[in-house]
Amino acid sequence: MPDSMKRYLYDGSADGLLSAIAWILEDEADPQALMLAKREDTFFEEGFFIATDEARAEAYFSRLKHLAPDAARIIYFFMLSEKEGMETSLLRYCALALRHGDAIKGYLTHPAVNDIIGTSRKASRELHRMEGLLRFEKLRDGAYLARMEPDHNIIQPLAWHFSRRLRAQHWFLYDLKRSTAAQWSQGKLRFGTIEQFTAPALSDDEKAVQALWQAFFKTIAIPDRKNPRLQKSNMPMKYWKYLTEKQGE
Amino acid sequence: MDIHSKLQILSGAARYDASCSSSGSRREGSSTGIGNTSSSGICHSWSDDGRCISLFKILLSNDCRYDCAYCVNRSSNEVERASFSVREVVDLTLDFYRRNYIEGLFLSSAVMQSPDHTMERMVSVVETLRREEQFGGYIHLKIIPGSSNELVRKAGLYADRISVNIELPSQASLKRLAPQKQKDGILQPMALIGKEIATNSLERRRTRLAPRFAPAGQSTQMIIGASPESDFQILRLSQGLYKKMNLKRVYYSAYIPVLSDNRLPVLASPPLLREHRLYQADWLLRFYGFSAEEILSDSEPFLDESFDPKTAWALRHPEFFPVEIQSADYGTLLRVPGIGVTSAKRIIAARRFSAITTDGLKKIGVVMKRAKYFIICSGSSWASTGSSPLIIRQLLLNSDGHQPSAPAPSRQMLLPGLHA
């Protein structure tokens, strides 16, 4: 990178990132020639710090949602990826999205667009995967609990998915990696953090239902076509920990 | 018999059904019931054979009065028999769905007393799920050949997808290997379903309140390698089914010898590579604008085992290449080996912003090790672009651009009696 490139800093939060981008896009003529990075608070760090302004971040994102809904969706999933060090790419992507609208998703030959869309796609792909691989267990009080450790912070869209699917059921999602949880009860969805977790007792019939599923899983495979490599490439082993059918194998 | 043993017998008997798709339907769940469907479909697991598990795939019964040569459930075969009650299937489906094991139910059955008797009980399962339990998840229901029009119509009103298995690629083979199944018993309900789906989509256009008939469409399945038909015959049959019967999918299932029978071929192993190539050719029919007659011919009726069917076509048609990336239209891009539906669309979208470089092509997802023999990019080409098909053939075979993922080839050994 050229030394002369102007550098901006933000505090490292999601709101900080979006408000910094909003500020730069309003004030700077050529955002493609700028850098944006997280402030590391080292003594000799160079750059202009932009303070976080939540209202501005929100206003900017809703304007983008209106102008370019697909591009905004891509940014949403990019943020869920919790990936650091790509702020400059995001800034450039946002500038292009404001200029070209949703058509920007076709500009895959542009490095910044390719970075952002590629990262965003990984998060949305994991969401789709977890929609299938998440496993609920029935608890003694009749509620259902699903545990997971996804690579990306997908609990919010995942909970939305199940709120449309298991509407009459009382359930929890628990992300052990981030200590966050979602609760669906009587038509209301709540998100929160979990400080301490003790595994609740399972309902009396739970083990019997799990055994039936394990039996089904085993017999549905055609023995002459055994293909563990294909199985693992479709269903990476990192997801097996909470898969009912992979317990006690 | 306990539910555990029944489940083992009846899922083991259902595993040869190839379809597990849960896509093509979009239904919102009811607030008091359970389940909805996702239009792109969701896979919930992958079994030890690497196939996706999306639906709870099960037979209502394996107690069959038919004696089809290739089928594990045929009446003369000594296997343990079992049948579920309607309630048992309903409860298993709901228990599995609540825990997110499955996307829905795929119910099939052996022919018990009569086609109608069997079909009636199957319809009763889905009716209970939909009406009593307000189940909004995906349902795929198999139609038993020979069941009444009334039951077929009822099935279509409750299920997302319905299918009639065509079983074998020709009438002669059907007669030989499944003597109790009639061609008309299979094609007649297929035609009826096709007609109902067409009428229903017109009605739905008039009013959204019209009940939906099999919104995810109709599919079928045939066994490959149990009978002597060529790939060309099979592809032409599929093409006809897509065009005339409006089918969503044709599934191919490599014949796996489960029984010995002198009407059946002896195979060293199931023809998995052949099945794989047929699926590739099927894709060309549905998404790439190819016709069966372009892919194969009477003089070359079998698919090349060393190359995918699109590469094989490209090698036979050097006059079509090289294709200029900056200006070729969508249909032309699709014919280039190494460029799929997604990358063709991406090329067209990216061209609006700027000319595409080689590096850009890689970013877009074009498989360069195959495409480079067939394209030029702003007039410039690769060392081997435009070489003679013979040379490209060799280069592809030697390079790692040759797809290694295909299952190992298996030569089919035919019994002398089979072609008679």
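Student: Which domains does the assignment give for chain A?
Tutor: Chain A is assigned domain 1 (6-126) and domain 2 (134-246), with bounds taken from an automatic or database domain assignment. This is a predicted model, in which local features need pLDDT of at least 70, side-chain atom pairs count only at pLDDT 80 or more, and totals for chains, interfaces and linings use all residues. Residues are numbered from 1 along each chain as its sequence is written, while chains are lettered from A and ligands numbered from 1 in the order in which they are written.

Student: How many Å separate the centres of domain 1 and domain 2 of chain A?
Tutor: The centres, taken over C-alpha atoms, are separated by 33 Å. Five residues from domain 1 of chain A and five residues from domain 2 of chain A take part in the contact; two residues are in contact if their C-beta atoms, placed from the backbone, lie within 7 Å.

Student: And what is the secondary structure of chain A?
Tutor: Chain A has eight helices and eight strands. These are DSSP runs numbered from the N terminus, with helices (H or I) of at least four residues and strands (E) of at least two.

Student: What is the strand order in the open sheet?
Tutor: The order is β4-β5-β6-β7-β8 (chain A), five strands with mixed pairing. Two strands pair if DSSP finds at least two bridges between them. The edge strands, β4 (136-138) and β8 (188-193) of chain A, each pair on one side only.

Student: In which sense do β5 and β6 of chain A pair?
Tutor: Strand β5 (residues 144-148) and strand β6 (residues 171-175) of chain A are parallel, joined over five bridges. Within this pair, Ala146(A) is opposite Leu173(A) of β6(A).

Student: Changing topic: how many residues of chain A are in contact with chain B?
Tutor: On chain A there are 40 residues in contact with 45 residues of chain B. Helices α5 (111-133), α6 (155-165), α7 (206-220) and α8 (228-234) of chain A each supply at least two residues of the side that touches chain B. The largest share, eight residues, belongs to α7(A).

Student: How do the residues on that side of chain A divide?
Tutor: They comprise 21 nonpolar, 10 polar and nine charged residues. Ala, Val, Leu, Ile, Met, Phe, Trp, Tyr, Cys and Pro count as nonpolar, Asp, Glu, Lys and Arg as charged, and the others, Gly among them, as polar.

Student: What about the domains of chain B?
Tutor: Chain B is divided into domain 1 (3-217) and domain 2 (309-398), and 42 Å separate their centres, taken over C-alpha atoms.
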